[in-house]
Amino acid sequence: MELAKKLVFVLNGQKTQVDLSQIHPATTLLSYLRCHTQYKGAKLGCGEGGCGACVVHLSKYNTDTKETEEFSISSCLTLLGSIDGCSITTSEGLGNCRDGHHAIHKRVSGFHASQCGYCTPGWCMSLYGALRQAEAKGKHDHRQGFSKFSVLEAEKAIAGNLCRCTGYRPIADVCKSFAGDVDLEDLGLNTFWKKNEVPDPNKLPEYNSIGLSTNSKFCRKSCEDSIRPTLNFSYKDEFSGEERVWIRPSSLDDILGALEKAVKENVEPKLVVGNTSAGIYKNIEPKVFIDISNISELQVIRRHDSEIEVGAAVTISKLIEALEDTNAIADDVLDNGKVIPTRNLVFEGIANHLKKVASGYIRNTASIGGNIIMAKKFSFDSDVATILLGINASVKIIISERTESLLTMEEFLDKTCLDSGTLLLSVYIPYWNEIRNPVEDSGINGNSDICENLLFKTYRAAPRPLGNAVSYVNAACLAQIYPSRRQGNLVAKSLRLAFGAFGVRHAIRATSVEEFLVDRAISPAILLEAIEMLKLHVIPVEGTRKSAYRQSVAVGFLFDFLSPLVKEVVPPRIIDSVQVNNSQNGNTPNCGKWPCKPKSITAGKQTMEFHHEYNPVGQPSPKVAAELQASGEAVFVDDIPSPDNCLYGAFVYSKKALALIKKVGVKDAFQSPSVVSYITFTDIPKQGRNIGLDGFFGEDILLAEETVECFGQPIGLMVADTWHDAKRAADKVTIDYDCETLGPPILSVEDAVAKNSFYQVPGWMAPKPIGDLAKGMSEADIRIESAEVRMGSQYYFYLETQTVLAIPDEDECMTVYSACQSPDIIQKTIAKCLGIPIHNVRVITRRVGGGFGGKACRSVPAQLQSVDLSAQTYWVPDSSASQYLNYGAAATEVEVDLLSGATTIIQTDIIYDCGRSLNPAVDLGQIEGAFVQGVGFFMTEEHVVDKNGKLVSDGTWTYKVPTIDTIPQKFNVELLNSPLHQARILSSKASGEPPLLLASSVHCAIREAIRAARKELATNNNKHFRMDSPATMDVIKSLCGLDSIELYLKSLSISSKQ
């Protein structure tokens, strides 16, 4: 095998060559950008493809279509070897201080859409990708100065990007400002036009729809150059001593040859298209990577007489485009002269569902074949596999000895064994059209030409409506139905009922239910019997979380699907579903014309007064560094170039919640010469102390000594030449524990009370009694003698993880760059640990990528700081400056879906007392951001710890903070200006944290919705019930009644008999 020496691509307009002898095949594009280039705009947030902080723009030449394709990608998952011959653009490449910032960057500043700024470059690139795709494939008329996408499409462009600071509303305004159908009066507070001024589109930073150069000539030349069809390179892994190989075959035959070689060598190769599986299956370390993304046979989308053939390497985004391309699908003349029937609405239904799988920048690289291979191989909860099973799709695979085999989806999932030599070649999606066939019906004289309609719906119950979340349960249901005159209603001629993701090895068909319902008039009693049969199919495996909920939702899906066939049932409002015999299908065709009123995910009004006494203080001034944050030029700690001979540390964490440390084994960790040292508490200087925190509740140790007291407690620090090597070395450390001597860990409040384990609350934090409690209780009209309220924990979820750069200086001094909120605490702690004077430690914190108290031990008291108000005067505020009451109120309207437990926040109105606001734009952002973070606390964010004390919800796959599709649809905020107050700084008040509590209005509204549902359904009709926080989908549905559908059908059945 001939090995390549260089990898070539364009980075922000400059040709870049990479020495492949120094590159591990598992190196990601993000790792290369951050470690080997000057461009640090793409950030390392989750490393899972779930936050969007790392999004960049990719351009590549398609040798089949002879066109350059452009789309956004997740650089933390994309492997460097995949971008050979491509062009990469980061946010710095869109615009910068030197060349001028892009319109996106300028509008970020003008709409006050950046706070900490860590996530900003990522969502700027998601928006840019959507703008570029709209220009290439936009379906709407062009409006001068605007994009071809709609308001709704603009908002969906950032559906996969997380922001913990802003609350999303101003980010949505930035996106909508580019939309061709935007009503500028709907946009919020900005610096482009004044309050009560008629919005003028000419005042917006100019948007040039032509965009940047995509370097299409370079991409095309790279692909057409005979030297570049293949890219093979190898790297010797220093930890294992084994060779890691990257292979990019140029033909299908080459792929099969590489697979055959892998089988002979007993090696499990990794087939690479977008590498998105690495976001969830992180511990797989393949020896051989085979890049199959450029093989024509695997990229085909071909229309046959009865089906569409989709190559296994076709991305989900491309499949969506093909299914939506109704002009290409409808009335398409095939080679044999046949014409495909008009408009296939099943395809549209599939496309609409696929838009809710993952997020846009993941769908752009994730392949359809890779998704169903994960479902087969790893029991991944795949919506795609369930849909393909529901529509009777089939797959073609190549097995040993290059034998092709065509299998139904059911056979593939249930019976096929996949070995290292198996290749998924293509997926076949059948046409399903409304047809006219003779149907036997004894109620009609002979055989009649009756129109058979299709009923097709897909479902997913997930914590986020627009994707970026795996389903708790999904379904795809299809029926061929016809009107029966004899039975007087619609009857199913055939049925396919597929369910998945409910805690099962793979998606399954409810075959007994299908057989039971075919050619049968469905009454409430019959439907109830079918539901009981379904429960025998939908049985989650032992240990599945929310198992009863998942089964109940599956029942709800079946009920919703069959409701149109049951005369006695009023069909419920359809959520997350598609009905094929509805010609509009939720999307009204407009033939390129803009609709009269644009649809939107979120909108709102901001009401406030500006004060001019201390101009510019009191005005909604833009953030000085907003454009730098948007362009990725703002420097965070991890962006600081590493000095020469810099070493990197990675902690070794405890994997037990309470245990004695018996032995630590580090031999395997030192296999690589890159590993320098392993540091424990014994390495702390003699004059220092083992201290890692000096905070609210006293001191905490830095590194465990003989005992570990929580899961994840730092035990040691592995030091190496690179962070990746330090992390890999830390993972190889083995620890023997004694878990018996100390007994079980304390994992609940009840355990803590029983064992008398309490924190000592500092006196200044202790609550002070107000009034006479005993007297108040005795005189109360209503007394709650006993009650229990449970509120879950909330993770800070700042996107910039804890990062520090420490540089030793002369005379036992240390300069520390820290991403912390309390540099004084860091300074004091380091000094105590090293045993040096505090003034020898210099802590520098330029900016923090989110914190919310998670990067602070305490804030510096106001009375200890001097505020420089002028060149001549210093004012030291007394303690009363920070002692005042904050006032606020919120009213929220919600809608609860009784089938899934999903909640939609229809509207929230907030009024908040900011005193005399120093900057209304800042206060507004703080209020909205805090409220939305509160929505997460009260609705979606589950902090789950298992029975061993291990945190289960430890990443974007399992911990769900709010996204743009979970905030209020109408979000109104009014800033109330209270009177002047001499003690407060310019009469202002804080707005950063108190508004979070106003999100309790969402919790209260959900409670009232549940109360109404319980009353209407006449189930669990007791007046009082307890609703814990967060009120997740399963909590809500459980309180409404997991068996509410069965009880409803029983009542209908009884009524019909009377």
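What follows is a short chat about a sheet, a helix and a glycine in a predicted model.

Student: What order do the five strands of the open sheet have?
Tutor: The order is β2-β1-β5-β3-β4. The pairing is mixed.

Student: Which strands stand at the edges?
Tutor: β2, residues 14-19, and β4, residues 67-74. Each has a single partner strand, so one side of each is left without a neighbour in the sheet.

Student: And how do strands of a sheet pair, anyway?
Tutor: Through backbone hydrogen bonds, either parallel or antiparallel.

Student: OK, so do β1 and β5 run parallel or antiparallel?
Tutor: Parallel. Two bridges join β1, residues 6-11, to β5, residues 87-89.

Student: What stands opposite V10 there?
Tutor: S87, in β5.

Student: Now the helix. Which strands does α1 lie across?
Tutor: Helix α1, residues 29-36, lies across β1, β2, β3, β4 and β5. α1 runs at about 100° to β2.

Student: New topic. Where is G160 found?
Tutor: In the loop between α5, residues 151-156, and α6, residues 169-176.

Student: Is G160 buried or exposed?
Tutor: Buried. Its relative accessible area is 4%, and buried means under 20%.

Student: What does G160 touch, not counting residues up to four places away in sequence?
Tutor: G50, C51, G52, S359, Y361 and N468.

Student: How many residues apart in sequence are G160 and W123?
Tutor: They are 37 residues apart in sequence. In space, G160 and W123 are 8.7 Å apart, C-alpha to C-alpha.

How values were computed
Residues numbered from 1 in each chain as written. Predicted model: local features only at pLDDT ≥ 70, side-chain atom pairs only at ≥ 80, totals over all residues. Heavy atoms only, no water. Pairing = 2+ DSSP bridges. Helix = DSSP H or I, 4+ residues; strand = E, 2+ residues; numbered from the N terminus. Contact = heavy atoms within 4.5 Å. Axes fitted to C-alpha atoms, helices over the stretch in contact; angles between N-to-C directions. Buried < 20%, exposed > 50% of the residue type's maximum accessible area, 1.4 Å probe, protein only.
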